[in-house]
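Morning, everyone. I will go through one structure today and look at where its parts touch. Please have the display open.

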Amino acid sequence: MADTPRVTFALTEEQEMLRQTTRQFLEDRVSPTVVRELMETETGFDAALWQSGAELGWHSLAIPEEYGGAGYTFAELSVVLEEMGRALFPGPFLSTVVMAANAIVLGGRDSQKKELLPGIAMGESMMTMALFEGPQGATTDDIRMTAAQDGEAWILDGVKKNVLFGHVAGTIVTAARTPNGLSLFLVPADTGGLNAEHVPTLDATRKQANLTFSGVRLGPEALLGNEGTAGPVIDRVLRLASVALSLEQVGGAQWCLETSVEHGQTRFQFGRAIGSFQAIKHRLADMLVSVEHAKSTAYHAARIVDDTDELLVAAPLAKSVCSEAYLRAASDTIQILGGTGFTWEHDTHLYLKRAKSTSLMFGGVRHQRRLLAEALGL
Amino acid sequence: MTDTIAAEKAEALVTGKIDELLSGYDPSMDPQEFWGRQYDLGLAWVQYPEGFGGLGVSPKYQSIVQRRIEAAGAPTWNRQINLLGIGMGAGVISAHGTAEQMRKWLRPMFTTEDMWCQLFSEPGAGSDLANLSAKAVRDGDEWIVNGQKVWTTLAHIAKWGMLPVRTDPDVPKHKGITYFIVDMEADGVDVRPLYQITGEAEFNEVFFDDVRIPDEYRLDDVGAGWRVSMTTLMNERVAIGSRSLPRGSGSIKDAIRAWREYEHDDPALRDELTRLWAEWEALRLTVERANQMRKAGIPGPEGSTGKLAWADLNKAITAFSVELMGWDGTLYPGGYELHRPTEFEDSGSPQRNFLRARANSIEGGTSEIMRNILGERVLGLPGEPRVDKDLPWKEVPRG
Ligand SMILES: Cc1cc2nc3c(=O)[nH]c(=O)nc-3n(C[C@H](O)[C@H](O)[C@H](O)COP(=O)(O)OP(=O)(O)OC[C@H]3O[C@@H](n4cnc5c(N)ncnc54)[C@H](O)[C@@H]3O)c2cc1C
């Protein structure tokens, strides 16, 4: 096996600035109260907030300059994703900026990129990808829906499940099998025969819908890139989504750690701060270790996304390690907070629900370890 | 010899009463009426004296009563409905109450006409219950109570509450507590819902504003409240840790159902499921063994491990069930609806059960506290340094 690529973990000055402005903005504009308000709605996003994020440049970071982007890398985007995880940012950022945008960048024809990417960069578009039909969907093999050819047109029939913000997105990048393999289709939300049904989620800050395609008829221009070439595109998007979720998980886990430590210092029982009990102190020390490990894997992955071989290792590594760290941090935070941690009123449960659902998206921990084993030739 | 004769007589007595109870049973009967007759025949808790729902015989005969009632298809779920009363309150009243108090409270508790709640925890006193600060001041034949309790399960439907309060702030914390039974309908009792991470408000915060409690509602002596509270907690932990279930039931059943429903065949997942099944079965057998020993009057360490083991294992199994569901596990069927249940909602979707189980290692004593108890009381290890034990309560540091 080739040498493990070495990455520079330290943030550049510019990245550090980005981190600070992002955190500041999220603290000002995306307070837990705002998150909870949006969580109660069916659409789960706020148009003004979405637009403000785009004005800060979040949406354009990783889009090439020639298509209206800022031409930075995933490393910059990762700074924003981590802060979003910490703030439980609600809205279709992952599905639009990480998933759909990359699918278009990787798979689209030049004309499609020119047409679609500037809208994403400017915060005008909300998009998503409709990939899986069943509960265990995690790889391209799990995609079964077929697109039938009718002259020049394509006809889509079937149900796509668990589509992130599928009832909110204006364009749904939909995967289906065509004669030559897997293809992606750009399906506008208002296409006849397409019906989106919101489904309540464990993590109510990230909405989902089931999409029913009943004889959805698409012209040849709907095909993203060339027919039958979407397999590697989807593969890569899934890995990028996993890395993005790992960064979110790290941000959330760090919030849990800070919240628990603070409680350990300020909550008194038996005449002592509870952090002075070894049962609590050691639990917190263990949490620190696992959150630090999680950060290393997520930061590493975010910096090597362009190394296709290394990404095969780094993405499942990060997703498995960060999922477990976050689940444990959130669960332990409830334990350390005691009764308070089990209330709706305290924010910890929002993190627990994020931890659980992100751990299951795009393949759970065991699936990630399976991918890792494959990458290692085990 | 006389022992065997006594035993035969006791068994005949119990069986005769059961026959009497069941011969008059009619499936259309109101369950509360049935439980009333069960109580009056001395079959509520056979070890209690006659006239108080018992027959004054060994508690081991209670299992015959349960088995026969179940076999007859007659109602047995009063304990489940009024868990805090029947599972905890009854034992406390019989151990620390007067005959008059037993007469007043036990029957309507057993029939579930009067629901009970446990008003122990306070904002400043959770694990450290003895630090409680709700107080009572004597006024002639009455006591006047002020203060706040929190996390009070089912307080919104309870008629009676078990209430330890501070009656002397000048002595060390364990010594200045007195235990009352409070009428939840009394003037000055204010019960407000607290919503949990599932959206349900099983528990509440309860405010006492100059609530008057007659001295007849005091259990045991003034200043003896810590002892009474300990009886309550022991009963609670035994109630939680000694529920015996058939093999393969409870949360492991959900996990196995998910394994089949989602047609898993991955060997690593199978191994994990089997590991959890084995741990669950080891717990079940331990509970069974502990229950038998307890009834035979030989309590051992196996009787104290159940609550801790159950909490951690139930958390792990419910989390695993959701994991088996893949993307379906990211959904929450029906959404979160903030509501106030009128009884224990024992089960729901695997996702809801996963969330609800997070409390298992907190409610009824946290797992950290349970480990301390096992280490110190069962294994006899030295206690942790206690900075507050001998200080007058009012001088204890509180952060
Ligand atoms: C669902 C639910 C239902 C409940 N129902 C009731 C009820 O009906 N009536 C009632 O009175 N109470 C009830 N409770 C309250 C419960 O008993 C308390 O939450 C529990 O005792 C812990 O107290 P606390 O929440 O104040 O946490 P704290 O005591 O503040 O504990 C915080 C953390 O510190 C740890 N800790 C504290 N002391 C030590 C120590 N000495 N060594 C090591 N670690 C320590 C704890 O384990 C915990 O992790 C309920 C709680 C829940 C979650």
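How many residues does the contact take from chain A and from chain B? The answer is 45 residues from chain A and 57 residues from chain B, where contact means heavy atoms within 4.5 Å.

Before going on, some housekeeping. This is a predicted model, in which local features need pLDDT of at least 70 and side-chain atom pairs count only at pLDDT 80 or more, while totals for chains, interfaces and linings use all residues. Residues are numbered from 1 along each chain as its sequence is written, chains are lettered from A and ligands numbered from 1 in the order in which they are written, and side-chain values use heavy atoms, with hydrogens and water left out.

Back to the two chains. The size of an interface is often given as the accessible area lost when the parts come together. Between chain A and chain B about 4300 Å² is buried, and carbon and sulfur atoms give 62% of that. Buried area here is the accessible area (1.4 Å probe) that two parts lose on being put together, summed over both.

Four salt bridges are found across this interface. A salt bridge is a side-chain nitrogen of Lys or Arg within 4 Å of a carboxyl oxygen of Asp or Glu. E368(B) forms one with R283(A), and the closest N and O atoms are 2.6 Å apart.

Next, the inside of chain A. The domain assignment gives domain 1 (13-125), domain 2 (128-228) and domain 3 (231-375); such bounds come from an automatic or database domain assignment. The centres of domain 1 of chain A and domain 3 of chain A, taken over C-alpha atoms, are 21 Å apart. Their contact takes 23 residues from domain 1 of chain A and 30 residues from domain 3 of chain A.

How much area is buried between domain 1 of chain A and domain 3 of chain A? About 2200 Å², of which carbon and sulfur atoms give 67%. On the domain 1 side, R36(A), R86(A) and L88(A) supply 28% of the area buried against domain 3 of chain A, more than any other three residues.

The count of salt bridges between domain 1 of chain A and domain 3 of chain A is two. R86(A) takes part in a salt bridge too: its partner is E258(A), with the closest N and O atoms 2.8 Å apart.

That is the end of my part.
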